[in-house]
Amino acid sequence: MRRFTLPALVLAAAVSPLCAAAAEIWRWTDRDGYTHYTQAVDIPERYRATAVPADAPLPPGVPACEVAWHRYAASQACFDAYRVVGGGLKPEAFQRCQELPEPPPCR
């Protein structure tokens with residue numbers, strides 16, 4: 001039984017960074033001005049140069065209400081990386097993503 005312990009630990013160490021990378025969310029704006037939150041692999045090629053990590057500061061002057069919605073959208077995109085068929089979530093989603101309540105509408 002001991003001979004399987006080391007390979008299992010090595011495998012777990014190799015897979016952990018890949019799982020953490022799955023939750024890495026980026027923010028990018030399309031040509032129509034809409035902001036999107038996705039994993040890096042889902043960013044269209046023409047927007048990759050302007051994409052920034054989702055936790056990067058927003059431009060100065062963005063109203064607090066919009067900031068709350070940006071944070072919420074980034075949170076939801078993080079959880080999307082851990083969705084399973086049937087709508088459930090993998091347990092590690094709650095370890096890697098910040099669960100935020102939906103903010104009230106901006107006025």
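Let me start with one residue. Phenylalanine 79 is buried, at a relative accessible area of 5%. Keep that residue in mind, since I will return to it. One caution before we go on: this is a predicted model.

Now the overview. The chain holds three helices and three strands. Along the sequence, the pattern reads α-β-β-β-α-α. The chain has 107 residues, and 21% of them count as buried. On contacts: take those between residues at least 6 apart in sequence. Of these, 47% join residues at least 24 apart.

Next, the sheet. In what order do the three strands of the sheet lie? The order is E2-E1-E3, the sheet is open, and the pairing is antiparallel. Strand E2, residues 35–39, and strand E3, residues 52–53, are the edge strands. Each of those two pairs on one side only.

Take E1 with E2. How many bridges pair these two strands? Five, in the antiparallel sense. One example is threonine 29, which stands opposite threonine 35 in E2. The hairpin of E1 and E2 has five residues between the strands. Within that hairpin, glycine 33 takes a positive phi near 90 degrees.

Now E1 with E3. Strand E1 covers residues 25–29. Two bridges join E1 to E3, and the two strands run antiparallel. Look at the facing residues. Tryptophan 26 stands opposite proline 53 in E3. Arginine 27 has valine 52 as its bridge partner in E3.

On to the helix over the sheet. Helix H2 lies across E1 and E2. Relative to E2, H2 runs at about 25 degrees.

Which residues make up the largest nonpolar core? There are 10: Ile25, Tyr37, Ala54, Ala74, Ala77, Cys78, Phe79, Tyr82, Ala93 and Cys97. Helix H2, residues 64–80, gives the largest share of this core, with four residues. As background, nonpolar side chains tend to be buried together in soluble globular proteins. Our opening residue, Phe79, is on the core list. What does alanine 93 touch, once its neighbours within four places in sequence are left aside? Alanine 93 is in contact with Phe79 and Tyr82.

Aromatics next. The structure holds three aromatic pairs. I will show two of them. First up are tryptophan 69 and tyrosine 72, with ring centres 5.6 Å apart. Why is this pair called edge-to-face? The ring planes stand at 85 degrees, and the label applies to planes over 60 degrees apart. Both residues sit in helix H2, three residues apart, which is about one turn of the helix. Tryptophan 69 counts as partly exposed, at 29% relative accessibility. Tyrosine 72 is buried, at 16%.

The other pair brings back phenylalanine 79. The partner ring belongs to phenylalanine 94, and the two centres lie 5.4 Å apart. The planes are at 55 degrees, so this pair is tilted. Phenylalanine 79 lies in helix H2, and phenylalanine 94 lies in helix H3, residues 93–96. The pair therefore ties together parts that are 15 residues apart in sequence. Phenylalanine 79, as I said, is buried at 5%.

Last topic: charges. How many salt bridges does the count come to? Two. One joins glutamate 45 and arginine 48, with the closest N and O atoms 3.4 Å apart. Glutamate 45 counts as exposed, at 61% relative accessibility. Arginine 48 is partly exposed, at 40%. The other salt bridge joins aspartate 80 and arginine 83. There the closest N and O atoms are 2.8 Å apart. Aspartate 80 counts as partly exposed, at 46%. Arginine 83 is partly exposed too, at 37%.

To wrap up, back to where I began. Alanine 93 is in contact with Phe79. And the ring of phenylalanine 79 forms a tilted pair with the ring of phenylalanine 94. Over to you.

Notes: Residues are numbered from 1 along each chain as its sequence is written. This is a predicted model: local features need pLDDT of at least 70, side-chain atom pairs count only at pLDDT 80 or more; totals for chains, interfaces and linings use all residues. Side-chain values use heavy atoms; hydrogens and water are left out. A nonpolar core is a set of buried Ala, Val, Leu, Ile, Met, Phe, Trp, Tyr and Cys residues joined through side-chain atoms within 4.5 Å. Buried means under 20% relative accessible area, exposed over 50%, partly exposed in between (1.4 Å probe, protein chains only). Contact means heavy atoms within 4.5 Å. Two strands pair if DSSP finds at least two bridges between them. Axes are lines fitted to C-alpha atoms, for helices over the stretch in contact, and angles run from 0 to 180 degrees between N-to-C directions. Rings of Phe, Tyr and Trp (its six-membered ring) pair if their centres lie within 6.5 Å; planes under 30 degrees apart count as stacked, over 60 as edge-to-face and the rest as tilted. A salt bridge is a side-chain nitrogen of Lys or Arg within 4 Å of a carboxyl oxygen of Asp or Glu.
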